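Take a look at the chain below. Trace the fold from one end to the other before reading on.

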Amino acid sequence: MRFDIRYRTLFAYDEPVRESMNELRACPTSNGRQQLLAYRLTTAPGARALPHTDAWGTRVDHFGVREDHTALEVVAEAAVETADRPDPSAGPGPRLGELAGSARERLSEYLEATPH
């Protein structure tokens, strides 16, 4: 399933702000259950974002606005495609059978399906 996501934040200041430094963590991640198709960050007033990935694998966008401003709008837009959730009743499947015999016997009580 495809999802189009839009995140918007508006900061309004009582007096003009000369400079603001910001970081944003709004970009969805790609993993086994979803794939990031597109991501775009815009600000008003305009600012150039410098992205990096933090220690947890999250994209962090750093940006600063140096001109005087009384408001800052931040909009992040993304498109992701998700995969179907695996059927939990299917159990561990072939992975259990791939374990070496002694490990399978030793760990079987932890690998069997439970009512939970």
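## The model

This is a predicted model, in which local features need pLDDT of at least 70, side-chain atom pairs count only at pLDDT 80 or more, and totals for chains, interfaces and linings use all residues. Residues are numbered from 1 along each chain as its sequence is written, and side-chain values use heavy atoms, with hydrogens and water left out.

## Overall fold

The protein chain has 2 helices and 6 strands. Helices (H or I, at least four residues) and strands (E, at least two) are DSSP runs, numbered from the N terminus. Their order from the N terminus is β-β-β-β-β-β-α-α.

The protein chain has 116 residues, and 22% of them count as buried. Buried means under 20% relative accessible area, exposed over 50%, and partly exposed in between (1.4 Å probe, protein chains only). The accessible surface is about 8,900 Å², by the Shrake-Rupley method with a 1.4 Å probe; for residues, only the protein chains shown count as cover. Carbon and sulfur atoms hold 50% of that surface.

Contact means heavy atoms within 4.5 Å. Take the contacts between residues at least 6 apart in sequence: 72% of them join residues at least 24 apart.

## The nonpolar core

A nonpolar core is a set of buried Ala, Val, Leu, Ile, Met, Phe, Trp, Tyr and Cys residues joined through side-chain atoms within 4.5 Å. The largest one has 9 residues: L24, C27, Y39, F63, V65, L72, V74, A76 and A78. Strands β5 and β6 (69-82) are the elements that give two or more residues to this core. Strand β6 gives the most, with 4 residues. In soluble globular proteins, nonpolar side chains tend to be buried together.

## D61 in strand β5

D61 lies in strand β5 (residues 59-65). Is D61 buried or exposed? D61 counts as buried because its relative accessibility is 1%.

## V75 in strand β6

V75 sits in strand β6. V75 is buried because its relative accessibility is 6%. T42 is 33 residues away along the chain, yet the C-alpha atoms of V75 and T42 are separated by 5.3 Å. Contacts of V75 beyond four places in sequence include Y7, R40, L41 and T42.
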